[in-house]
Amino acid sequence: MSIFDEIGKIVDNFNSEFDKVNSQEKIVELKNKYLGRKGLIANLFSQIGKVEAQDRKEFGKSLNLLKNELISKIDKKNKQFSISEEKSNKNDYSLPGYSFNKGSQHPLTQAIDEMLDIFNHLGFDIAYGPEVETDWFNFGSLNFPENHPARDMQDTFYTEGNGILRTHTSPVQTRFMTKNKPPIRIVAPGRVYRNEAISARSYCLFNQIEGLYVDENVTFSELRGTLDMFCKMYFGSDVKIKFRTSYFPFTEPSAEVDVSCFLCGGKGCRVCKNTGWLEILGCGMVDPNVFKSVGYDPEKVNGFAFGLGVERMAMLKLGINDIRILYENDIEFLKQF
Ligand SMILES: [Zn+2]
């Protein structure tokens with residue numbers, strides 16, 4: 001094989017290798033192989049002594065042409081890779097941004113906001129009270145007798161200095177009434193505390209929303225209408241409500257309210273224990289003794305009150321069957337809301 005044939009062979013090899021190059025790293029490798037100090041082209045130059053004297057000039061010329069061609073091809077390709085590399089770095093504002101996890105409101109916060117929004121539409125303002133209460137506001141002002149079992153250490157958390165972690169949001173009622181005159185129409189959201197064994201159905205703290213309406217000539221049917229409207233707006237317009245007589249120290253008469261099971265439409269399912277109904281809240285007409293404790297004249301004003309458990313309502317609506325998951329801050333659970 002003549003040295004001229006060798007040039008032809010090197011050109012063929014280069015072309016097929018060049019076509020396969022797919023990265024800047026590979027183009028550098030190729031450059032070293034053919035154009036490096038000990039590369040294939042340099043090797044051919046070093047063999048010029050073997051070429052017949054009359055052919056040396058042409059040999060050198062062809063070799064230089066080849067060398068320049070390879071240099072220009074390699075440089076061109078190298079430039080292409082540099083440009084695409086530049087495009088992929090952080091200065092290219094046309095690239096999509098990095099994705100990251102967005103924060104969202106806790107499902108309980110969402111539920112509270114939704115409920116308060118509904119009561120707001122029904123004409124209720126929002127009131128707040130302290131979580132550490134006095135015995136008077138938590139029990140006494142609400143007509144709990146001295147020996148009522150709810151005052152037992154077993155059920156209530158006491159703080160040093162005779163404070164109580166409020167067991168319900170009802171003390172916000174009497175706190176508000178001592179500072180304001182009727183008419184009053186408020187809802188009071190907040191955390192309440194019970195000394196209970198923790199299980200899927202009960203936790204040592206939960207959220208309540210208390211409602212209070214005081215004016216002249218408030219009727220039980222207004223209470224019913226308010227709760228009926230609230231349930232339809234929260235659970236859906238098809239639900240029905242049912243009152244059952246009950247007892248609370250601070251209301252007379254008192255009732256517990258059931259809502260028709262919105263999961264099975266009242267036919268009966270696992271969640272409603274095949275009854276077609278779900279217990280959701282307690283309510284009643286404000287007991288005259290409560291009005292007396294805040295200096296109102298029960299002959300002149302009357303009103304209704306209600307209290308609902310936010311967790312229970314939210315769990316029913318969202319299909320959650322263990323209250324503890326609402327307090328575990330499991331990111332995979334929270335991401336769903
Ligand atoms: Zn059901």
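The paragraphs below lead through this predicted model, from its division into domains to its sheet, its helices, its cores and some details of its backbone. Residues are numbered from 1 along each chain, following the sequence as written. Because the model is predicted, local features need pLDDT of at least 70 and side-chain atom pairs count only at pLDDT 80 or more, while totals for chains, interfaces and linings use all residues.

The protein is divided into domain 1 (3-88) and domain 2 (107-334), with bounds that come from an automatic or database domain assignment. The C-alpha centres of domain 1 and domain 2 lie 86 Å apart. Lys26 is found in helix α2 (residues 24-35), where helices (H or I, at least four residues) and strands (E, at least two) are DSSP runs numbered from the N terminus. Lys26 has 15 other C-beta atoms within 10 Å and is therefore partly exposed, on a scale in which a residue is buried if 20 or more other C-beta atoms lie within 10 Å of its own, exposed if 12 or fewer, and partly exposed in between, with C-beta atoms placed from the backbone.

The sheet comes next. Seven strands, in the order β1-β4-β5-β9-β8-β7-β6, form an open sheet with mixed pairing; two strands pair if DSSP finds at least two bridges between them. Strands β1 (125-126) and β6 (241-248) stand at the edges with a single partner strand each, so one side of each has no neighbour in the sheet. Strand β1 runs parallel to β4 (residues 184-193) and is joined to it by two bridges, and Asp125 has Ile186 in β4 as its bridge partner.

Further along, β7 and β8 pair in the antiparallel sense over eight bridges, with Thr251 standing opposite Val286 in β8. Strand β8 also pairs with β9 in the antiparallel sense, over five bridges, and here the bridge partner of Gly282 is Gly307 in β9. Seven of the 10 residues of β8 are buried, so β8 is largely enclosed by the rest of the structure. Across β6, β7 (251-260), β8 (277-286) and β9 (302-309) lies helix α8 (residues 220-235), which runs at about 125 degrees to β6; such angles run from 0 to 180 degrees between N-to-C directions, and axes are lines fitted to C-alpha atoms, for helices over the stretch in contact.

Which residues touch the most other members of the largest nonpolar core? They are Cys283 and Met313, in a core of 48 residues, a nonpolar core being a set of buried Ala, Val, Leu, Ile, Met, Phe, Trp, Tyr and Cys residues joined through C-beta atoms within 7 Å. Helix α8 provides the largest share of this core, six residues. A second, separate core has seven residues, among them Ile27, Leu30, Tyr34 and Ile41.

Helix α5 (residues 107-121) packs against helix α10 (residues 310-318) at an angle of about 100 degrees, with their axes 10 Å apart. The two helices, α5 and α10, are therefore roughly perpendicular to each other, a term for angles of 65 to 115 degrees, whereas those under 35 count as roughly parallel, those over 145 as roughly antiparallel and the rest as oblique. Pro107, Leu108, Ala111, Ile112 and Met115 in α5 meet Val310, Glu311, Met313, Ala314 and Leu318 in α10, where contact means that C-beta atoms, placed from the backbone, lie within 7 Å. The buried residues of α10 pack against α5, β5, α8, β8 and β9, and just after α10, Gly319 takes a positive phi of about 70 degrees.

Helix α7 (residues 171-179) is mostly covered, with seven of its nine residues buried. In the loop between α7 and β4 lies Pro183, and the peptide bond from Pro182 to Pro183 is cis, with omega near 5 degrees. Another cis peptide bond joins Glu252 and Pro253, with omega about -5 degrees, and Pro253 lies in strand β7.

Finally, the loop between α6 and β3 (164-165) holds Asn143, which has a positive phi of about 70 degrees although it is not a glycine. Asn162 is found in the loop between α6 and β3 and has a positive phi of about 65 degrees. Are these asparagines buried or exposed? Asn143 counts as buried because it has 21 C-beta neighbours inside 10 Å, whereas Asn162, with 8 such neighbours inside 10 Å, counts as exposed.

Definitions and conventions
Two residues are in contact if their C-beta atoms, placed from the backbone, lie within 7 Å.
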